[in-house]
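Hello,

Here is the structure I promised to pass on to you. Have a look at it first, and then read on for what turned up in it.

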Amino acid sequence: MPPVSDQVDRYPTRLSEPAPHIERTDSAVWGKVTSPELAGFDANGFATIPDLLTPDEVAAFGAEIGHLAADPVLYGDERVIVEPVAGQVRSVFGVHQLSKPIAELITESRIVGLAEQILGSPVYLHQTRVNYMPGFGGSGFAWHSDFETWHAEDGMRAPRAVSLSIALTDNYPFNGSLMMMPGSHRTFVPCLGETPTEHYRESLREQRIGIPTPDDITFLAARYGITQFIGQAGSALLFDSNLMHGSSNNITPFPRSNIFVVFNSVDNALVEPFAAPKRRPQHIAGRDFTPVRAATPETVGVLAEQTP
């Protein structure tokens, strides 16, 4: 892979002055889609998968993440992020290294196979975590594109990555469920502001740099509209790295938790950050580019000229 100095930055961001939105030229679907649930991914930038986990699995993984949140050994570990106001656990990163059952789940064909179909190549783990949104205190996430952060702070060259959110609790319209703009994965929004050193220490609790302006969000909402991921425990959401999304605070008694896995194509391995002073830690941006498993011929259908 050529050094970053030889890479063209096609998605400049963290700028000092406002810049026009960039219409995406990269594909959204690189492979051969065989799962019916993924049929609308190209147009919408996301797909829902009902009943990805069985009720028994939901119960087992719910207990597993409960143990992680309550583990006193993990308190003070930098992989554990707490709520800025309530002080409860917000996220646990690098969860596949902390939980054998979750690590085994990620490698299953029904999980990694979804990413391989969309990305059209073997994939590796860019990031894993558990998100907890407790009742009466779970804080939301500002509107953002994950790819903007992963490009600026991790050196991800192109939006050839997908996130899989597996619900371990019911997602209602009122308990902070994820809001998305269908089709917004086609538009990259350059953001303002220089990236501070070790920005991740604040952004994982409350992000202020790397988010679009209110005018950007107003424009995108008028163009694409807004929908929500609503579903029962065990359902899942697969979405494009550049999809604009966010969530509101959870002021209800109903918690919302999920296993969150980011798969990146091995052909899109990270280089140096494009707009940050140094790399983020391994538990946030993995640089072990070993494939989760070798993709089968049925899931790989990539045109050579598409490679970023």
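Before anything else, one term: two residues are in contact when they have heavy atoms within 4.5 Å of each other. Please keep in mind that this is a predicted model, in which local features need pLDDT of at least 70 and side-chain atom pairs count only at pLDDT 80 or more, while totals for chains, interfaces and linings use all residues. Residues are numbered from 1 along each chain as its sequence is written, and side-chain values use heavy atoms, with hydrogens and water left out.

**The nonpolar cores**

Not counting residues up to four places away in sequence, Phe 263 touches Ile 106, Ile 111, Val 112, Ala 115, Leu 119, Val 123, Tyr 124, Leu 125, Ala 161, Val 162 and Val 292. A nonpolar core here is a set of buried Ala, Val, Leu, Ile, Met, Phe, Trp, Tyr and Cys residues joined through side-chain atoms within 4.5 Å. Buried means under 20% relative accessible area, exposed means over 50%, and partly exposed is in between (1.4 Å probe, protein chains only). The largest nonpolar core has 39 residues, and Ile 166, Leu 238 and Phe 263 touch the most other members. Helix 4 (residues 109–119) gives this core its largest share, six residues. Helices (H or I, at least four residues) and strands (E, at least two) are DSSP runs, numbered from the N terminus. Another core, of 19 residues, lies apart from the largest one and includes Trp 150, Phe 239, Val 262 and Ala 285. As background, nonpolar side chains tend to be buried together in soluble globular proteins.

**Salt bridges**

How many salt bridges does a search of the whole structure find? There are twelve, where a salt bridge is a side-chain nitrogen of Lys or Arg within 4 Å of a carboxyl oxygen of Asp or Glu.

One of them joins Arg 14 and Glu 153, with the closest N and O atoms 2.9 Å apart. Because Arg 14 lies in the segment before strand 1 and Glu 153 in helix 5, this pair ties together parts that are 139 residues apart in sequence. Arg 14 is buried at 8% relative accessibility, and Glu 153 is buried at 2%. Arg 14 and Glu 153 also belong, with Glu 148, to a network of salt bridges.

Another salt bridge is made by the side chains of Glu 23 and Arg 223, at 3.2 Å from N to O. Glu 23 is in strand 1 and Arg 223 in helix 7 (residues 214–224), so that distant parts of the chain, 200 residues apart, are linked. Glu 23 is partly exposed at 41% relative accessibility, and Arg 223 is partly exposed at 43%.

**Around Arg 14**

Thr 149 sits in helix 5 (residues 146–154) and is buried, with a relative accessible area of 9%. Leaving aside neighbours within four places in sequence, Thr 149 is in contact with Arg 14, Asp 154, Gln 207 and Arg 280.

Leu 15 lies in the segment before strand 1 (22–23) and is partly exposed, with a relative accessible area of 26%. Leu 15 and Leu 192 are 177 residues apart in sequence, yet their C-alpha atoms are 4.7 Å apart in space. Again leaving aside neighbours within four places, the contacts of Leu 15 are Pro 190, Cys 191, Leu 192 and Gly 193.

**Cavities**

The structure holds two cavities of 30 Å³ or more. On a 1 Å grid over the protein atoms alone, a cavity is a set of points where a 1.4 Å probe fits but cannot get out, and lining residues have an atom within 4 Å of a point. Grid points are joined across faces, edges and corners, and a volume is the space filled by probe spheres set on the points.

The largest cavity has a volume of about 80 Å³. Twelve residues line the largest cavity, and the closest to its centre are Glu 198, His 199, Lys 278, Arg 279 and Arg 280. The second largest cavity has a volume of about 40 Å³, and its lining includes Glu 148, Phe 188, Cys 191 and Met 244.

Enjoy exploring!

Terms used: On a 1 Å grid over the protein atoms alone, a cavity is a set of points where a 1.4 Å probe fits but cannot get out, and a pocket is an open set with protein on both sides within 12 Å along at least five of seven lines; lining residues have an atom within 4 Å of a point.
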